[in-house]
Amino acid sequence: MLMDRHGRKISYLRVSVTDRCNLRCLYCMAEDPEFLPRRDVLTLEELARICRAFIARGVRKIRLTGGEPLVRRNIISLVADLGSLIGQNGLDELTLTTNGTQLARYASLLAQAGMRRVNVSLDTLDPDRFRLLTRGGRVETVIEGIIAARKAGLAVKVNAVALEGQPPREWDRLIGWCGGLGLDLCLIEAMPMGGGASIGPSLSLPRLRDELAQRWTLTDSGHRTSGPARYVDVAETGRRIGFITPLSHGFCGSCDRMRLTCTGMVYPCLGRDDGFNLGAALRADSTGAMLEDVIDDAVAGKALGHDFAHLRQSRPMSMTGG
Ligand code: SAM
Ligand code: SF4
């Protein structure tokens, strides 16, 4: 079992399988980002070996993210590989965070490979605003992707980054639309990340919640996942809204996760710069012993809390995976 120095059990690995993406969300990357050189990117087999090493040490949940995970060539082979580990002594769950643009093509393959749930990022239903926020994306494609995912039997949660400047009617539209499809919606506080991303003035989620409560009947929900969201029930839709507030409310005390990038760096915290090179350890020692040692070092080095305030903003969100 992996336990850090602060008594937190590490059971969740988020894996950024690529730093590339077919969208260019303003708050995530620059318009013309510098992507990692291909030679630095681990093969899917290498990523799977690292995942297996974590699973052998007690990781029970893996989420694939990116960049956009579904633009990585042959991604389904990794999903199938990890999907085959779901069950006793393996994984409890394999999930995905995606921008949804490729879901119409991949939803049934994901379901066949053992995936049961996906998170789809969708900040607005307004086609013009979506095009602006993603620098050219089509919201219709994401909507089609979500519908395909539901048809394939995947549970979908919608994630939206809460940005200052989104008109109240847009939040209402998103809440109503998600409710109509039976989907929970998670609102994420924008975090200052590197790579030319720009989050603009920050919008406090407690304030947004108060505003929404003027138009929707919100009551605190007992619903909890292993994640950091705090949920409210929405009486009008029968669904929930989750609030993820890394900046305004600390939730580091119960953090159970590590973040692996496609180059094999593992970051114990999204909001800190210290990383450990599992890719180099994997390539230097085919027995896997060095990999085990570096995993131990990374877990031992997991800080008690994030430090977004002093983060040098050197690491883009698309590299670590949100
Ligand atoms: N491309 C996929 C997607 O958009 O869902 C997966 C990777 S993306 C980096 C993962 C999540 O991080 C998305 O929900 C995205 O909205 C969120 N994200 C990106 N930049 C962010 C930022 N600066 N602050 C908060 N969330 C951010
Ligand atoms: Fe791509 Fe996701 Fe970043 Fe948007 S948030 S640019 S979809 S990786």
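Hi everyone, let's start with one pair of residues: Thr 219 stands opposite Asp 233 in strand S8. Before I go on, please keep in mind that this is a predicted model.

So where does that pair sit? S7 and strand S8, residues 230–234, pair in the antiparallel sense, with three bridges between them. Moving along, S8 also pairs with S9, again in the antiparallel sense, and here there are five bridges.

Keep Phe 243 on your screen for a moment, please. Leu 187 stands opposite Phe 243 in S9. That brings in strand S6, residues 184–189, which runs parallel to strand S9, residues 239–244, and is joined to it by four bridges.

Now let's zoom out to the whole sheet. How many strands form it? There are 12, in an open sheet with mixed pairing. Reading across, the order is S7-S8-S9-S6-S5-S4-S3-S2-S1-S10-S11-S12. The edges are strand S7 (218–220) and strand S12 (276–277), each of which pairs on one side only. As a quick reminder, strands of a sheet pair through backbone hydrogen bonds, either parallel or antiparallel.

On to the ligands. Which residues come nearest to ligand 1? Of the 18 residues around ligand 1, those are Tyr 27, Gly 67, Glu 68, Ser 121 and Met 191. By type, the shell holds eight nonpolar, eight polar and two charged residues.

Let's go through some distances. A nitrogen atom of ligand 1 lies 2.9 Å from a backbone N or O atom of Tyr 27. For Gly 67, a polar backbone atom is 3.0 Å from a nitrogen atom of the ligand. With Ser 121 we turn to the side chain: an N or O atom there is 2.5 Å from an oxygen atom of ligand 1. Taken alone, ligand 1 exposes 540 Å², and the protein buries 95% of that.

Gly 67 comes up again at ligand 2. The residues around ligand 2 are Cys 21, Leu 23, Cys 25, Cys 28, Met 29, Gly 67 and Asn 99. That shell divides into five nonpolar and two polar residues, with no charged ones.

Which side chain does Asp 128 meet in a polar contact of 3.1 Å? The partner is Arg 131. Lys 61, by contrast, is 67 residues from Asp 128 along the chain, and their C-alpha atoms are separated by 36 Å.

Definitions and conventions: Residues are numbered from 1 along each chain as its sequence is written. Chains are lettered from A and ligands numbered from 1 in the order in which they are written. This is a predicted model: local features need pLDDT of at least 70, side-chain atom pairs count only at pLDDT 80 or more; totals for chains, interfaces and linings use all residues. Side-chain values use heavy atoms; hydrogens and water are left out. A residue is near a molecule or strand if one of its heavy atoms lies within 4 Å of it. A polar contact is a pair of N or O atoms within 3.5 Å; within protein, one must be able to donate a hydrogen and the other to accept it, and residues adjacent in sequence count only if both atoms are side-chain atoms. Accessible areas come from the Shrake-Rupley method with a 1.4 Å probe; for residues, only the protein chains shown count as cover. Ala, Val, Leu, Ile, Met, Phe, Trp, Tyr, Cys and Pro count as nonpolar, Asp, Glu, Lys and Arg as charged, and the others, Gly among them, as polar. Two strands pair if DSSP finds at least two bridges between them. Helices (H or I, at least four residues) and strands (E, at least two) are DSSP runs, numbered from the N terminus.
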